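Subject: Handover of a structure and a summary of its contents

Dear colleague,

Please find the structure below, together with its sequence. I would be grateful if you kept it open while you read the notes that follow.

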Amino acid sequence: MDFKFTLEQEALRKEFDDFFKEEAKNAPEGWVGGFEGRYDTDEGWAYHRSVAEKLAQKGWLSLPWPREYGGQELGLIEQAIFNEAWAYHRAPGVDFWGLYILAPSLLEYGSEENKREWLPRIARAETDWCQGWTEPNAGSDLASLTSRAVEDGDDYVINGQKMWTTGAHRATHIFLLARTDPDAPKHAGITYFVSEMDRPGITVRPLYYMDRSHVYNEVFFDNLRIPKKNVIGQVNQGWYVTMAGINFERSGCGAVAEGKRDLEDLVQFCKETERNGQLLAKNPIVRYKLAELATELEAARQWGYYVAWLQGKDPMAIAAPSASKYFTTELIVRLANTAVEIMGLYGTLKRGSKWAPLHGKFQTICQFYLGVTIAAGSTEIQKNLIAWMGLGLPRK
Ligand SMILES: Cc1cc2nc3c(=O)[nH]c(=O)nc-3n(C[C@H](O)[C@H](O)[C@H](O)COP(=O)(O)OP(=O)(O)OC[C@H]3O[C@@H](n4cnc5c(N)ncnc54)[C@H](O)[C@@H]3O)c2cc1C
């Protein structure tokens, strides 16, 4: 692996960086970025949509796809460079679910009709997606899901419930898993569907997070009717379609770039803030903690680029994306906890309080990232995959 960017990649990095730096000036008051930023308030959502439309015009929502589906035919390293610039500036505008989970699955397993219908619409930012996989009794063991899809003429009729559906209250579309053959072994009887969110038979209820933000939801299907053409890939093969997208969900460089920006803010805070008559930046314990975090973030960044390089060669690589997801999300939790510890009791104040340092950002991250260590497969599940697929240990 060559650790240097090419001249073209450097130029692209600068172009992305300049664009997002400029766009950050249009952020609404109190913008916190991330999923809370875009999904929790109407202003945040309007900002997300305005950036999405500009990114679509530039062709930046489809960098690695083939041109025939609206893509730019660039590599996954270029995609990682984009993700890094986007996350560093805490920008919205990228439909995480459509771009990073549904699109890789469509490209790998979608029929020609599936690809031509959905990929160009994602590239043009006409759709915003949510992910209907988890159910009340199917999370880590996703294949035990019980939502049921029954064939009826030209349609499937779906009944069941999904949980933790991020952004479902804003999304225009959902991709979902439902059981089409209840008699088959559990991984073999599942089908992957897509649906508009405004079809009759879909109800969305908020699942307020512990900080009271509205990001997550429960989604109920009551005789939801979906045309057969909305099956992605083959009937009863939904598990394999799912696996094509899930590794990309675990490999992003974005979280590291966001963490790097957060660390920069924390370092600045320590340079400007005195405790007991001395700058925090002069306290040896604080300095060691900051140095440790900077080192770990750089290691995570290199690993993220390694994963992007690896996935360019082997899209189904499992252990390396799992290691990236596990290490990076746990690292961001450590970063936020360290920040709150350094800030003392003020660090626990919420955004909105005039006493909250850095607008309460780190206590928000503490709460939010705890969820991210569970979402997309918990830390324990990632460790199981590394042990099994990466180290060749027995499965159980
Ligand atoms: C913030 C957030 C956002 C999410 N967004 C979405 C979304 O948009 N769409 C969607 O479909 N889902 C979403 N999810 C759901 C997420 O994928 C599941 O929460 C996750 O897979 C864990 O499932 P569970 O919550 O049912 O926990 P469980 O599977 O019940 O796990 C409970 C605990 O047991 C451990 N455990 C379970 N099995 C094993 C095992 N085999 N070995 C060792 N330990 C094990 C887990 O690590 C965990 O600590 C989201 C979750 C969160 C927290």
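Which residues have the most contacts inside the largest nonpolar core? They are Leu55, Phe82, Phe175 and Leu266, in a core of 89 residues. A nonpolar core here is a set of buried Ala, Val, Leu, Ile, Met, Phe, Trp, Tyr and Cys residues joined through side-chain atoms within 4.5 Å. Buried means under 20% relative accessible area, exposed means over 50%, and partly exposed lies in between (1.4 Å probe, protein chains only). The element that gives the most to this core is helix H10 (residues 319–343), with nine residues. Another core, of 17 residues, lies apart from it and includes Ile158, Ala178, Met197 and Phe221.

Please note that this is a predicted model, in which local features need pLDDT of at least 70 and side-chain atom pairs count only at pLDDT 80 or more, while totals for chains, interfaces and linings use all residues. Residues are numbered from 1 along each chain as its sequence is written, and side-chain values use heavy atoms, with hydrogens and water left out. Helices (H or I, at least four residues) and strands (E, at least two) are DSSP runs, numbered from the N terminus.

Leaving out residues up to four places away in sequence, Phe175 touches Trp97, Ile101 and Leu102, among others. Its contacts (heavy atoms within 4.5 Å) also include Trp129, Gln131 and Trp133, as well as Tyr192, Phe193 and Val194.

The ligand

The ligand is surrounded by 18 residues, of which Gln131, Thr134, Ser140, Ser378 and Glu380 are the closest; a residue is counted if one of its heavy atoms lies within 4 Å. This shell divides into eight nonpolar residues, nine polar residues and one charged residue. For that division, Ala, Val, Leu, Ile, Met, Phe, Trp, Tyr, Cys and Pro count as nonpolar, Asp, Glu, Lys and Arg as charged, and the others, Gly among them, as polar. Helix H12 (residues 379–390) gives the most to the shell, with three residues.

Where does a nitrogen atom of the ligand have a polar side-chain atom 2.7 Å away? That atom belongs to Thr134. An N or O atom in the side chain of Thr166 is 2.8 Å from a nitrogen atom of the ligand, and a backbone N or O atom of Trp133 lies 3.0 Å from an oxygen atom of the ligand. Taken alone, the ligand exposes 970 Å², and the protein buries 66% of that; these areas come from the Shrake-Rupley method with a 1.4 Å probe.

Individual residues

Ala125 has a positive phi of about 60° although it is not a glycine. Ala125 sits in the loop between helix H6 (112–123) and strand E1 (129–132), and it is buried, with a relative accessible area of 5%. Arg212, also not a glycine, has a positive phi near 75°. Its loop runs between strand E6 (202–207) and strand E7 (216–227), and Arg212 is exposed, at 57% relative accessible area.

Ala387 belongs to helix H12 and counts as partly exposed, at 21% relative accessibility. Ala387 and Ala319 are 68 residues apart in sequence, with their C-alpha atoms 8.2 Å apart in space.

With kind regards

Methods: A polar contact is a pair of N or O atoms within 3.5 Å; within protein, one must be able to donate a hydrogen and the other to accept it, and residues adjacent in sequence count only if both atoms are side-chain atoms.
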